[in-house]
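Take the chain from its overall order down to single contacts. The walk below starts with the elements, then turns to strand pairing, charged pairs and the core.

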Amino acid sequence: MLRSAGGRERKQMTDRSSTMSPVQQELSVTSGLRTVAPARHHSKVVKFISEVANEAANDAPTSVEIFSDSGHWYCRVRRGHEKTRPMGPYTKRQAERIQEARRMSIAERGTSRIMFE
């Protein structure tokens with residue numbers, strides 16, 4: 001309607017907008033815009049990476065070991081050739097309890113959340 005043959009269409013547009021209330025004018029301007037869908041929180045790439053991490057974590061045998069160094073006991077998780085940093089120092093009894101708790105946690109959730117060196 002902005003193209004005019006002698007200015008008629010342009011005049012009709014301005015006449016129409018002058019008779020509309022400010023709210024109606026705003027609605028007529030914004031009605032042509034599309035609304036944007038909310039962003040998705042999980043993409044296919046993230047899901048794919050999670051699946052690969054879970055599969056890789058379940059492939060290698062995992063063990064939880066305790067060891068003594070200068071009278072202090074430490075606990076460490078091994079998965080294949082990877083290992084975590086030692087946790088500790090503990091008493092021998094504490095290290096055994098932590099070893100069992102880590103085993104139960106790994107049995108339930110796997111090793112995908114454990115940080116290996």
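Read from the N terminus, the protein chain runs α-α-α-β-β-β-β-α. That makes four helices and four strands. The model is predicted, so local features are limited to residues with pLDDT of at least 70.

Start with the overall figures. The protein chain has 117 residues, and 13% of them count as buried. It exposes about 10,000 Å². Carbon and sulfur atoms supply 53% of that area. Among contacts with a separation of 6 or more, 33% join residues 24 or more positions apart.

Now the strands. Strand β1 spans residues 62-69 and strand β2 spans residues 72-79. They run antiparallel and are joined by eight bridges. Two residues sit between them in the hairpin, where Ser70 takes a positive phi near 55°.

Cys75 has Met87 as its bridge partner in β4.

Next, the charged side chains. Side chains of opposite charge can pair when their charged atoms come close. How many salt bridges does a search of the whole structure find? It finds four. Glu65 has Arg76 as its bridge partner in β2. Arg76 also forms a salt bridge with Glu65, with the closest N and O atoms 3.1 Å apart. This pair links distant parts of the chain: Arg76 lies in strand β2 and Glu65 in strand β1, 11 residues apart. A second salt bridge joins Glu65 to Arg78, with the closest N and O atoms 3.0 Å apart. That pair too links distant parts of the chain, Glu65 in strand β1 and Arg78 in strand β2, 13 residues apart.

Glu65, at 22%, counts as partly exposed. Arg78 is partly exposed too, at 27%.

Arg103 is partly exposed at 40% relative accessibility, and Glu100 is partly exposed at 41%.

Turn to the aromatic rings. The count comes to one aromatic pair. Phe67 and Tyr74 are stacked, 5.7 Å centre to centre with 25° between the planes. Tyr74 is buried at 18%, whereas Phe67 is partly exposed at 23%.

Finally, the core. Which residues make up the largest nonpolar core? There are six: Val64, Cys75, Val77, Ile106, Ile114 and Phe116. Beyond its sequence neighbours within four places, Phe116 contacts Val77, Arg78, Arg79, Glu82, Lys83, Thr84 and Thr111.

Thr62, in strand β1, is partly exposed at 32% relative accessibility. Leaving out residues up to four places away, Thr62 touches Val77, Arg78, Arg79, Ile106 and Thr111. Thr62 and Val77 are 15 residues apart along the chain, yet their C-alpha atoms are separated by 7.2 Å.

Key
Residues numbered from 1 in each chain as written. Predicted model: local features only at pLDDT ≥ 70, side-chain atom pairs only at ≥ 80, totals over all residues. Heavy atoms only, no water. Buried < 20%, exposed > 50% of the residue type's maximum accessible area, 1.4 Å probe, protein only. Contact = heavy atoms within 4.5 Å. Areas by Shrake-Rupley, 256 points an atom, 1.4 Å probe, with all protein chains shown as cover. Core = buried A, V, L, I, M, F, W, Y, C linked by side-chain atoms within 4.5 Å. Pairing = 2+ DSSP bridges. Phe/Tyr/Trp six-rings, centres within 6.5 Å; stacked < 30°, edge-to-face > 60°. Salt bridge = Lys/Arg side-chain N within 4 Å of Asp/Glu carboxyl O.
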